[in-house]
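Please look through the structure shown below together with the briefing that follows it.

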Amino acid sequence: MSGRGGISGVKRPRPGSNGSKELTADEHNVYNLIKSKGDMGIWKGDIRKELNITNAKTIDNCVKSLLLKQMIKEVPNVQAKGKKRLMAMEFEPSKELTGGVWYHEGMLDEDLIDNLKRVCLQRLSKQKVATADGMRHEIKMTGVFQVDFTVEQMKDILDNLVLEKQISRVKSNGMGELASFPINAECYKLKSQRAKVGDFSMIPCGVCPRINHCAPDGVISPVTCVYYTKWLEF
Amino acid sequence: MAALTPFGIKLAVHIITTDFGNLVSKICECLLRRGTLSKALISRFTELPQDKVKKCLWVLIQHNCVQAFALEQEGGGKDTTVVVTQYMALFNNIIHRLRFPKFMSIVSKEQDTKVRSSDTHQESFTKLVRCRFVERCPAPEPLISLPNEGDTPAKKGGGRNKVFMKEVTLEERALAAAIPMDAERFSISYDQGVDSDEEKIESKISGLKVGEKRKQDSLDWDSELDTMGGKKEPACVEHVRAEYDNVAAVILKSMLEGAKHTVSSVSLSLDSIFEEVIKSKEGLTMEHLRYSLEQLDFCSETNDVYTINMKDIIKKAQLEEVECIVKKRYGIEAFRIFRSLTNGRPLDTDKISERTFVDKKNTPQTLYKLWKDNYILMEKVTTGGPRQADFFLWSVKKGNLWHQILDELYHAALNLCLRYAYEVDQEREIQNLSIENPSPEVKERRMRLRNVRILLDSSLMKLDDAVMIFHDFLL
């Protein structure tokens, strides 16, 4: 791999070759810079800054040529969608760029996450309590998913369900339904009741996006409010 | 006066306007907005003649919406003092006026089995006092004297053991002086001269002067809304039911009943809790009880004595209410984001995105919406070094947010009241029509108005549960 960049010794094109390794000085510099960035790659705009090349067109041409020669590739960046990174072919994009296991082609893999959450809830409704490792094992046994998840990934999913208040996190005290878990083990438990609907959010004002513009004698007022009128339709 | 917010004042003024008219509400609004004032100043600010101000103040004091107190002030000459009567609006008591239906339902529910028709009025009354539904009226005009030099806390004080004392406001001093001591507050000592209960009640109304409207020794009573038994209890029990399970709710309810009166913390032994719990939940074993108690975050245990901290439950209930608002207004992603920040630790945008499974592209937008409406705070942090980078840290600051939510709750309560008045006003003509043989259209409109009133009334009572949870947000 290290030999790829060392093409300074090549004097002339060999007959019959596709010329993929023929690089101009600029292309060579650009390629070396991109390669030096490893699995993080580099944004086109940053190449210009780092190489002090004033003409943007030169960079464009170099990149185009390197892409055609399949020496570099464009990688989507989850942090900034408009700023695709350029990376040497031999590298795989880092977790920071791809977003990790929960991202697919730069997009959050919502289908995978939702399916996993659904299966976790199903299993918890049967078992009542489980640890992240136990859940991982359960999911593996179901064979619904092609990939093997790690305990950390299961924790991510279960913690997300805790954030949604669908389940709660409890520390085992070795009593009752937690008797089969070691003391202090972190367990996840299905909530016995659905989350309470807030007293405020049950009336139109509780969900009104315009409450800050509403005043008794204002343009928006409880007397003229369309949400109220709809609410009081019988 | 932590609960005094802009819309809180508007709501209080609306309540007073509805109950006592524009003139009285003008005086009340003046006191609410400007703070404690003398009669002369009220007259000046409201541009009303002093005799009218006096009459309005009578009404307000009579209904416990204003407290008068005599304030000792330095006079013109050397070592001379003058005493000026000051009037302060009692915001909480004004808001309590909305709660009469709720108060009556609690009293009738609790007293239903205890108060029978055979009981004399006196017995019923005694029971109401004993249950703290009724309390002795505050002193008519307590004297607040000038602070002695020795009373003022030293401005400078060093050392590790320095204790910061919260400065007591003039209003707090006046209220403390006016409210009788606990033993007297709920004690009964009848006047010999007053025989029947009707006469006693009459004595409450007759012969009142400003500042002297109630004589402490006469038997005057106020419905005790302030210690309205379990005013927060039902909301706390419901919160625990949703957060944990039915058993946890039964345990909390039983412990509160076992403790008789609501205080900030309740301690009971395991046996006592068990005794209380099996009254309402048969078949619960001691082991199950112990297990359930262990699961409660707000409950601590020392030597089989369990202590529940009401403040912790109220704090959680407040948080839950705000979370519900966020979920309904901004959606499930914002709900997850908000919840990830409620432990008080600031997080940067990427970390929030990772934790909450919100697409990195959408996270800043959702955070911006929450920040714009003051639900979260933002702090820009720039890292040093050769390549500077900007990070945005996000956090939830409960104090400010809770104040905003309380104001929105008052705003919503005011809106419910205004809409109620509007709906009733719109249908005034059909209310005046004869009841016999109404046309189908009138029948339909009457039915609609009935439904509207029920919905608005019940919503106001439900909303008030949230107001009471937030009222003491500085707990």
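B:Leu347 is buried, with a relative accessible area of 10%, where buried stands for under 20% relative accessible area, exposed for over 50% and partly exposed for the range in between (1.4 Å probe, protein chains only). This is a predicted model, in which local features need pLDDT of at least 70 and side-chain atom pairs count only at pLDDT 80 or more, while totals for chains, interfaces and linings use all residues. Residues are numbered from 1 along each chain as its sequence is written, chains are lettered from A and ligands numbered from 1 in the order in which they are written, and side-chain values use heavy atoms, with hydrogens and water left out.

**Surroundings of B:Leu347**

- B:Leu347 belongs to strand β10 (residues 347-348) of chain B; helices (H or I, at least four residues) and strands (E, at least two) are DSSP runs, numbered from the N terminus.
- Leaving aside residues up to four places away in sequence, B:Leu347 touches B:Ser340, B:Leu341, B:Ile352, B:Arg355, B:Phe392, B:Leu393 and B:Trp394, a contact being heavy atoms within 4.5 Å.
- B:Trp394 is 47 residues from B:Leu347 in sequence, and yet the two are 5.4 Å apart in space, C-alpha to C-alpha.

**Chain A overall and its sheets**

- Chain A holds nine helices and eight strands, and 40% of its 234 residues are buried.
- Of the contacts in chain A with a separation of 6 or more, 46% are between residues 24 or more positions apart.
- The accessible surface of chain A is about 13600 Å², with 51% of it belonging to carbon and sulfur atoms; accessible areas come from the Shrake-Rupley method with a 1.4 Å probe, and for residues only the protein chains shown count as cover.
- One open sheet of three strands in chain A has the order β1-β3-β2 with antiparallel pairing, two strands being paired if DSSP finds at least two bridges between them. The edges are β1 (42-43) and β2 (72-75) of chain A, each with a single partner strand, so one side of each has no neighbour in the sheet.
- Within that sheet, β1(A) and strand β3 (residues 85-88) of chain A run antiparallel and are joined by two bridges, with A:Trp43 standing opposite A:Arg85.
- An open sheet of three strands in chain A also has the order β6-β8-β7, again with antiparallel pairing, and its edge strands β6 (129-130) and β7 (167-171) each pair on one side only.
- Five bridges connect β7(A) with strand β8 (residues 186-190) of chain A in the antiparallel sense, and A:Val170 stands opposite A:Cys187 in β8(A).

**Salt bridges**

- The whole structure has 28 salt bridges over all chains, a salt bridge being a side-chain nitrogen of Lys or Arg within 4 Å of a carboxyl oxygen of Asp or Glu.
- B:Glu320 and A:Lys165 form a salt bridge whose closest N and O atoms are 3.7 Å apart, and this pair crosses between chains, from helix α15 (residues 310-330) of chain B to the loop between α7 (151-163) and β7 of chain A.
- B:Glu320 is buried at 6% relative accessible area, as is A:Lys165 at 11%, and a network of salt bridges links A:Lys165, B:Glu320, B:Glu323 and B:Arg339.
- In helix α19 of chain B, B:Arg419 and B:Glu423 are four residues apart, about one turn of the helix; their salt bridge has its closest N and O atoms 3.1 Å apart, and both residues are buried.

**A buried glutamate touching both chains**

- B:Glu408 is found in helix α19 (residues 398-426) of chain B and is buried, at 6% relative accessibility.
- Not counting residues up to four places away in sequence, B:Glu408 touches A:Phe200, A:Ile211, A:Asn212, B:Arg329 and B:Tyr375.

**Cysteines**

- Zero disulfides are found over all chains, where a disulfide is a pair of cysteine sulfur atoms within 2.5 Å.
- The sulfur of A:Cys208 is too far for a bond from the closest cysteine sulfur, that of A:Cys225, at 5.9 Å, and A:Cys208 is buried with a relative accessible area of 10%.
- For A:Cys214 the closest cysteine sulfur is in A:Cys205, at 6.1 Å, again too far for a bond.
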